[in-house]
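Good morning, and thank you for making time for this presentation. I shall take the surface first, then the salt bridges, and finish with the backbone.

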Amino acid sequence: MPSKQPDHIVIGAGFTGLLYATLSILKGETVHVYEKRNRIGGLIQSVRTPFGLVETAANGILNSYRLEALASELNLELLPSRKDSKKRYIWIDGGPKRIPISFFGALRVLYGIAAIPSGVRGDESVFQWGKRVLGEEAVKNILEPGLSGIYAGDLRTMSAKLVLEKFLTLDAPLWKNIRATIAAKKNLPRVPKSRRGTVSFRGGLGELLNAMETKVKSSLGSEIFYSETAPSLAALRKKYPKSKITIAAGLESSLRILSSFDPNFKRYVRVCRSLSVVTATRFGKKPLLGNKNGFGILFPPGSGFRARGVLLNSQIFDGRAADGNNSETYIFGGALDEEIAKSKESEIISFLEEDRKRIVPGGDDPLNHYVTVWKSALPAYDAALLEFNRELDRSLPEGVFVEGNFRYGIGLSSILERAWGRRAFDR
């Protein structure tokens, strides 16, 4: 263990850990990062193949003034998504639809937005909240494929407080909460119109992580310790009493670290769950939707697809496939299909091709597949995780922080927003 006392110790060199380390360095602090693997990145890897770029997890990040500032500090150029990728589809009644509900379903949604109080009631699940506020059809055709696609969870056990409450600050109809959210963002710096929405980098999201890694390694007094499990929290606090410590190691690893330090956290090891996810990128010649353009298609549970959704990579960002090739990434697994993570690669490819033939019966022959199985990748956003977050809020000792995709927001933009808020607070 290094003996020189850093200002900040970070456990984990995935997106979250590198982000917090980089923000500390930009403030002039020294950082020590412990990473148990021999590489950075966690789930996020951008892999160059002869057929095109493969993103093993997230393919982009929602742009904000925070990301603009971070990219500028790291001398990175943001890659905006293509204008014709704005369309999102949901598979309904045998085809991809942009408006996936009926006329009467839309009327029910409008009524809910205008008249029904949208504050979360008690221990409501997202499914119960959606049915109460927006109606059954909207839950089935919009919320379920949308949120279960993002969180890989089951809406019937997904905590509405954990997922929705930060957007529902008023116990009032949804339109008032939407108005309040817009008003709260009114004075924030705006990003250029040409770079609004989902963005990435020429070399994929891995380019951002590599730049943060370089920033840490090139900063005087800062270092990344690869293939090294961090000492216990008690040992770190004893050896470096003045250093702040950020645990950014994923849900299961964070629970192990915390429970060895404070017995209060041991019960969460038994009840907090992580979900496995599989991504499979397919390279071919013909676009999935022919002449239609778009970001991707979500498949509602019970629609007959094994995949939760498919991203149309070639239509989202330029340069994602070699000349003349087409790239698509299918996402499998989560709470409704935990068994797929046990499947062989050949079986996963077979599931992908079967799903694709349901969309394009004629299809085209694949050129290549790239399959990644992430076991225990995403936290189950249920009541147990909500209580764990509350325990963290009230029980962490001063100078110790826990961050990651289980802290009130699963997306990279949510992690960045939270990190930016802590950065301002630390100042």
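Is Leu107 buried, partly exposed or exposed? Leu107 is partly exposed, because its relative accessible area is 41%, where buried means under 20%, exposed means over 50%, and partly exposed is the range in between, computed with a 1.4 Å probe and protein chains only.

Before I continue, a word on the source. The model is predicted, so that local features need pLDDT of at least 70 and side-chain atom pairs count only at pLDDT 80 or more, while totals for chains, interfaces and linings use all residues. Residues are numbered from 1 along each chain as its sequence is written, and side-chain values use heavy atoms, with hydrogens and water left out.

Leu107 sits in helix α3, residues 103-115; helices here are DSSP runs of H or I with at least four residues, strands are runs of E with at least two, and both are numbered from the N terminus. Together with Phe103, Phe104 and Leu110, Leu107 makes a nonpolar surface patch of about 480 Å². Patches are built from residues with over 30% relative accessible area and no salt bridge, joining like charges within 9 Å and nonpolar side chains (Val, Leu, Ile, Met, Phe, Trp, Tyr) within 5 Å. The areas come from the Shrake-Rupley method with a 1.4 Å probe, and for residues only the protein chains shown count as cover.

Arg196 belongs to the loop between α7 (174-185) and β9 (198-201), and its relative accessible area of 36% makes Arg196 partly exposed.

Let me place this against the annotation. The unreviewed UniProt entry gives "domain: Amine oxidase" for residues 27-226; UniProt positions follow the numbering used here, feature names are shortened, and annotations may be inferred rather than shown by experiment. Over residues 27-226 the chain is 38% helix and 16% strand, with the end C-alpha atoms 24 Å apart.

I turn now to the salt bridges. How many salt bridges does a search of the whole structure find? The search finds 21, a salt bridge being a side-chain nitrogen of Lys or Arg within 4 Å of a carboxyl oxygen of Asp or Glu.

One of them joins the side chains of Arg82 and Asp84, at 3.1 Å from N to O. Arg82 is partly exposed at 28%, and Asp84 is partly exposed at 26%.

Another is formed by Arg156 and Glu144, with the closest N and O atoms 2.8 Å apart. This pair links distant parts of the chain, 12 residues apart: Arg156 is in the loop between α5 (136-151) and α6 (160-164), and Glu144 is in helix α5. Arg156 is partly exposed, with a relative accessible area of 46%, whereas Glu144 is buried at 9%.

Glu403 and Arg418 form a further salt bridge, their closest N and O atoms being 2.5 Å apart. Here too distant parts of the chain are linked, 15 residues apart: Glu403 is in the loop between β17 (400-402) and α15 (412-426), and Arg418 is in helix α15. Glu403 is buried, with a relative accessible area of 4%, while Arg418 counts as partly exposed at 29%.

Beyond such pairs, Arg282, Glu328, Glu353, Arg356 and Asp364 are linked in a network of salt bridges.

Finally, the backbone. Which value does phi take in Tyr408? Phi of Tyr408 is near 65°, a positive value in a residue other than glycine. Most residues other than glycine have a negative phi. Tyr408 lies in the loop between β17 and α15 and is partly exposed at 25%. Ser227 also has a positive phi, near 50°, and is found in the loop between β10 (223-225) and α9 (233-239).

Lys375, in strand β16 (residues 368-379), counts as exposed at 59% relative accessibility. Pro6, in the segment before β1 (8-11), counts as buried at 3%.
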